[in-house]
Structure formats: structure tokens, C-alpha cells
Amino acid sequence: MTESSSPPLADLLQAAVTTVGGTERPGQTAMAHAVAEAIDDSSHLLVQAGTGTGKSLGYLVPALAHGERVVVATATLALQRQLVERDLPRTVEALHPLLRRRPEFAMLKGRSNYLCLHRLHEGVPQEDADEAGLFDPFEAATPTSKLGKDLLRLRDWSDETETGDRDDLSPGVSDRAWSQVSVTSRECLGASKCAYGAECFAEAARERAKLADVVVTNHALLAIDAIEGAPVLPSHEVLIVDEAHELVSRVTGVASGELTPGQVNRAVRRAAKLVNEQAADALQTASEGFERLMELALPGRLEKIPEDLGYALMALRDAARTVISALGATRDASVKDEDAIRKQALGSVENIHQVAERIVEGSEYDVVWYERHDRFGASLRVAPLSVSGLLREKLFDDRSVVLTSATLKLGGDFNGVAASLGLAPESPQDPEGGEESAPRWQGLDVGSPFDYSKQGILYVAKHLAQPGRDGSRADMLDELAELVEAAGGRTLGLFSSMRAAQAAAEELRGRLDAPILLQGEETLGELIRAFAADARTCLFGTLSLWQGVDVPGPSCQLVVMDRVPFPRPDDPLMSARQKAVEEAGGNGFMAVAATHAALLMAQGAGRLVRASDDRGIVAVLDPRVERARYGSFLRKSMPDFWYTTDRNQVRRSLAAIDAAAKAQGA
């Protein structure tokens, strides 16, 4: 639907903005027109829209006006809920009189996010119930633990909920409790075979999605839909990827595989009751051989699969294949609810077969490594070296794609992010099919309504010693303490590791009167609420804080990064990707490590200015941002704050900001 057959886009946008109580923003208007143009000519668009732009309306209004089905994929639950519970209802209401139609919308998630009535009423397979220890074995109706109480509450909730969506349950339950009442797609019996198929919450969500004009989903489900070939999303003409800086990471996760001794042992137990003794014994023997090897596994990449591991994986693969055949050929009428138990066993064994076969066959495009966790022991993992080719083939082929985020330009252009998505560098492309018929796209930075150069300062402590591998940084802790004291608290501390965050919290709790909150000592939501409520409070933590904190106002006026957040040198996947770029003649460090760090620093710096009257300082306590050749690349990736390395100027500015906040009663 074009502007000639529908109201002008400017009128639609104004109606939507007025309804949500906002004001027109030039960046939002530019974004809306660019999105409409991309949809109309079936091209692709990367839009960097800074905090405060109103990017949700910037893509929703032109998408709804176009009249084709739209899928919106986001990375976080918070944005999914904001879209479905706030932005879409208001926007649809505002546009209805002008469009003369009322677009429908729905949310769709992976199956395990919905309550499974079969699991709830028929119970879990016996070995899983025994492991969970939910109930007293002599009286299943009497809960003897928090898990048991949670399960009874879930049963009550099942009679009240309309969606069965885990996120609609408040207060929530633990992952362990939820696993007792949910199933993965591998474990699901299917609506036609399940006694509860007509009432299935997951199937109802899929049906609502089929009828909706806008389907809101997550990056993981989008990846499954693209990669696995079995469509889980309804057909759509337009795809909008919000929080697009997260997409490559989420797709990599979906395209990865893992084998652990515990996982294999569970599959053995599940299959043993359903197949002949010979098949069960073969899988048990293969499982024991794999477990013995994993006890000796040392963390790190396996550039070549060791001979003993190769034999163990072939034994697992072959035994799993035999069990899969046996599960399809045998039935036992004496096993209660055999279909559910069989489906769960089949899903477990199929996963083992697929991962073992993938590693045994080997691919130059896969990375294989051992990991060891203090609590869970060793695991064998495999992940794609790159997902750019996969995304290029599966994502951009037959629909218009709009990707948006506050951080898509790294080092001043879109090319780094575009390359990770499988797009050629931005340049005029041959309409006859140049650039190997690469998808046509353009990048657009619509800026932000905030005046970063007047609202914030970027301070790099160039006088500090360069961070070393030993982790001890007495001069950095001294600098941090002085900055926090000058700011009167009000500090969000972003650390490159949990160990560094813990050390800083311990040190400053002994030096300063300001309350220091530490990630992990309470739920993240509670920590952020406490941080926002008291301006004297500081919050220290690691990765999720770099991207997950939205605290406008005087409670967050100093954002500190302890060091450049490069990936660990021993990270198998990142180091393999870096090496591959170098072997292809590129700069592996800049393409992988520096890009990874720039993205996180851009996100971290974005925590400072969240409203038009926010003022503050981003302090990077790593001199490499000033001294190293890649420092300018990192600085260009962050908001355009006023830049300084003058420590005395920064202390005076912090003191002035603190005084102003106190004068206003904050």
C-alpha cells in the first residue's frame, strides 16, 4: 500500500505520536520515511536510531500503513512486552480512523515458553521427576520443597491464564520448576496426538500469529525459523529486527551444539525402557566411553579432533542411530503414557546423534572446543565459524528487512555490522547484479534528540598503567574511588569480568560511605530498582549491565568502564574467527576483537544519557583508548560526548553535577 492509496505517512506518524503523548522528532520522521521506502522497493535498511528517537513508532507506523504482514523480532523480553502491551495497542488505535482498518497483532515465542497441559496433568517421565525431587514419593500431592509449591501454583494458574506464557506468571518460578511443566519442540507430541491438543497454549499462540498483521517474536525463534527449514513463523513480506546488534550472537547460539556426560546419561535412561536390551546396552557403553574422556578434557579449541574422541563420538553416533530406529519400531502397552515418554526419549537421542555426527564429519566452517564449568563439569561444544553466509542466504532472500538499534555504526560506519550479517560493504551497487548479486541495502543514522556534546563528557584516564593479565590494578581502584567520591555516588560501574567487579566492590565498600550494590547479590531487577531509588548508591557488575540498565535522572551520572572489554584471548570461537579473518588477508583483531569491544562500549556509554535533562560523565579507566591505534575506532563508536583526558577537569565537572543534583533535592 503506497501513500497514493493511503493517508500520507506524515499524517499517520503525527497521529501515532500524539496518541502516545509524544512530540515529533526529526530522527523518527527520517526513519519512518526510510523504512517505508525500503518496504516499497523490497530493499534492506540498517538504521541507527539513538536513545530517545522513538524508533518503535519509526518502524511500526510505516509497516502498519503498508498493509502486508510484518514480523518484528527483538532480543529482549522487555521490548517484546513494550511493543505488545503499550506501543502496538496505542498505534493501532491512533491509525484506525486514518487507515479505516484495525491491524491485528500477536506475540509468538518458542514452545518451551508456554505451559504444556500434558506435562502439567500427566506428569514428567519418572526419571526426570526422581531427579527433580519435587514430591514426597509416598504422597505426590504433598509438596516437600519450593519446587513442589511452585508446581501446585502453576496448576492453579493453568485454570486462570489465557496465554500460558511463562512471562505472564507473576511472581515467576525457577527454571527448574518451569521445566517440569513445559516441553521443547522435540518433546512435543503434536496437537493431533496429544489429549490436550485442542487446549494447547503454544498452538493457540501460533494460530493467533497466523491471523495477525504484526507478529512480535524474538531473535532465537527467527533464527530457528530460518535455519531449521521447518517454518515456525507465518509467511511475511516484511521483517523488522530491533536490537539488531544482538542478532549475530543469538543466531550463533541457535546454530551451536553441545554434548555433556549428564545429557547423554539422561538420554540413555529415557531410552532404556523403550528399546531392546542390545540397543540400550550399546548406547550405555558409548555413553561410558564418552564420559571417561570428558573427565580428562582440558578447556580449549580442538583444531583437530583427537583420535580417541573421534572413536567415542562415532560410537555415540552409531548407538544413537540404532536407538532412534528401535524407538520407531517398538511399542510397549504396559508403559503408561508411552507416547510422551517415547517422544522425549527420541528428542534426547536425536540431539546426541546430530551433534556427534556434526563433529565427526567435521567442517572447515565449524569450531569445536571443550569447556569446563566448576559446577556442571566438562562439555563439548560446536559452533559455526561465521553466520554471515547463513544470514545472507536465509534472511534477506525473499522479503524486505529493516535492522535497527542504537548501536549499528562502529568506528563511524555500518560496514562492520553489515559484514557480520552477510551484506557487502555499503556502496552503489550494480542494478544488473553486481557485487555477486548481493542484497541491496543502505545505512541511515538518524541521530538522537539528545545533545551528547553538551550533556556528557567522555573521559579516558590516560595516566593509568595499561591493564595487565594478572588483574591487579591498584591505580585503577584509586582512580575509581576518587571519581565515585567526587560524583557523590550516582555511579554505574561496568566491569570486564565478575572478578574485577567483586574486587572493586570490596575495595570501595572499605573506603567510601556510598552504598555499593554488586551484581549477583540480588536479582538484577531488584538491584536496578535500588540503584534508581537512591542517588548515593552505586551499582557494579558485568555483561548484562553494559546493555540492560535504563535509569534516567540523577541516580546515574557517572558510568565507569574498568577496561576495554575485548573477548578473552582463550575464547575458542572468537580466536578462531579472528584467525580466519587474518588467513583471508584481513585484520582479524579489528574485525573481531575491536568490533566486539566497540559494540559493548557503545552500549555501555549509552547508559549515561537516557533523557533530555540528563548530565554526566563516561569514564574509561584504560589508557589504551587514548594511546593505542585502535583507540579512535573505539571512541568513534560511542556517542559524541565532549572528550577529555584531564582528570582535574573531570573531578570539577563531577563536583558541579553533584552540587546541582543536591540543590534540586536529588
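Let me begin with a term: a residue is called buried when its relative accessible area is under 20%, exposed when it is over 50%, and partly exposed in between, using a 1.4 Å probe and protein chains only. What we are looking at is a predicted model, in which local features need pLDDT of at least 70 and side-chain atom pairs count only at pLDDT 80 or more, while totals for chains, interfaces and linings use all residues. Residues are numbered from 1 along each chain as its sequence is written, and side-chain values use heavy atoms, with hydrogens and water left out.

With that in hand, take S453, which counts as partly exposed because its relative accessibility is 39%. S453 sits in helix α19, residues 452-455, where helices are DSSP runs of H or I with at least four residues, strands are runs of E with at least two, and both are numbered from the N terminus. Which residues does S453 contact, once its neighbours within four places in sequence are set aside? They are D640, F641 and W642, contact meaning heavy atoms within 4.5 Å. S453 and W642 are 189 residues apart in sequence, yet their C-alpha atoms are 4.8 Å apart in space. The side chain of S453 also makes a polar contact of 3.0 Å with that of D451; such a contact is a pair of N or O atoms within 3.5 Å, where within protein one must be able to donate a hydrogen and the other to accept it, and residues adjacent in sequence count only if both atoms are side-chain atoms.

Now to the sheet. Seven strands form an open sheet in the order β14-β15-β13-β16-β17-β12-β18, with parallel pairing, and two strands are said to pair if DSSP finds at least two bridges between them. The edges are held by β14 (516-518) and β18 (642-644), and because each has a single partner strand, one side of each is left without a neighbour in the sheet. Neighbouring strands here are turned by 15 degrees against each other on average, direction ignored. Helix α21, residues 498-511, packs on this sheet and touches β14 and β15 (538-541), its direction making about 155 degrees with that of β14. Within the sheet, β16 (residues 558-561) and β17 (residues 616-620) run parallel and are joined by four bridges, and L558 has I617 of β17 as its bridge partner.

Let me turn to helix packing. Two packed helices are described by the angle between their axes and the distance between the axes; the axes are lines fitted to C-alpha atoms, for helices over the stretch in contact, and angles run from 0 to 180 degrees between N-to-C directions. The axes of α24 (residues 572-583) and α25 (residues 588-605) come within 7 Å and cross at roughly 150 degrees. On the α24 side the contact is made by M574, R577, Q578, V581 and E582, and on the α25 side by G588, F589, A591, V592, A593 and H596. By class, this contact has six nonpolar, three polar and two charged residues, where Ala, Val, Leu, Ile, Met, Phe, Trp, Tyr, Cys and Pro count as nonpolar, Asp, Glu, Lys and Arg as charged, and the others, Gly among them, as polar.

A second pair is α20 (residues 474-487) with α28 (residues 647-663), whose axes come within 7 Å and cross at roughly 30 degrees. The contact involves E479, E482, L483, A486 and A487 of α20, together with R647, V650, R651, L654, A655 and D658 of α28. This contact has six nonpolar, no polar and five charged residues. Not counting residues up to four places away in sequence, D658 touches A486, A487, G488 and R490.

Finally, the salt bridges, each a side-chain nitrogen of Lys or Arg within 4 Å of a carboxyl oxygen of Asp or Glu; by this rule the count comes to 34. One of them joins the side chains of D242 and K55, at 2.5 Å from N to O. D242 lies in the loop between β5 (238-241) and α11 (247-254) and K55 in helix α3 (residues 55-66), so the pair ties together parts that are 187 residues apart in sequence. D242 is buried, at 0% relative accessibility, and K55 is buried too, at 19%. Another salt bridge joins D175 and R166, at 2.8 Å from N to O; D175 is exposed, with a relative accessible area of 59%, whereas R166 is partly exposed, at 22%. Salt bridges that share partners also join E479, E482, R647 and R651 into one network.
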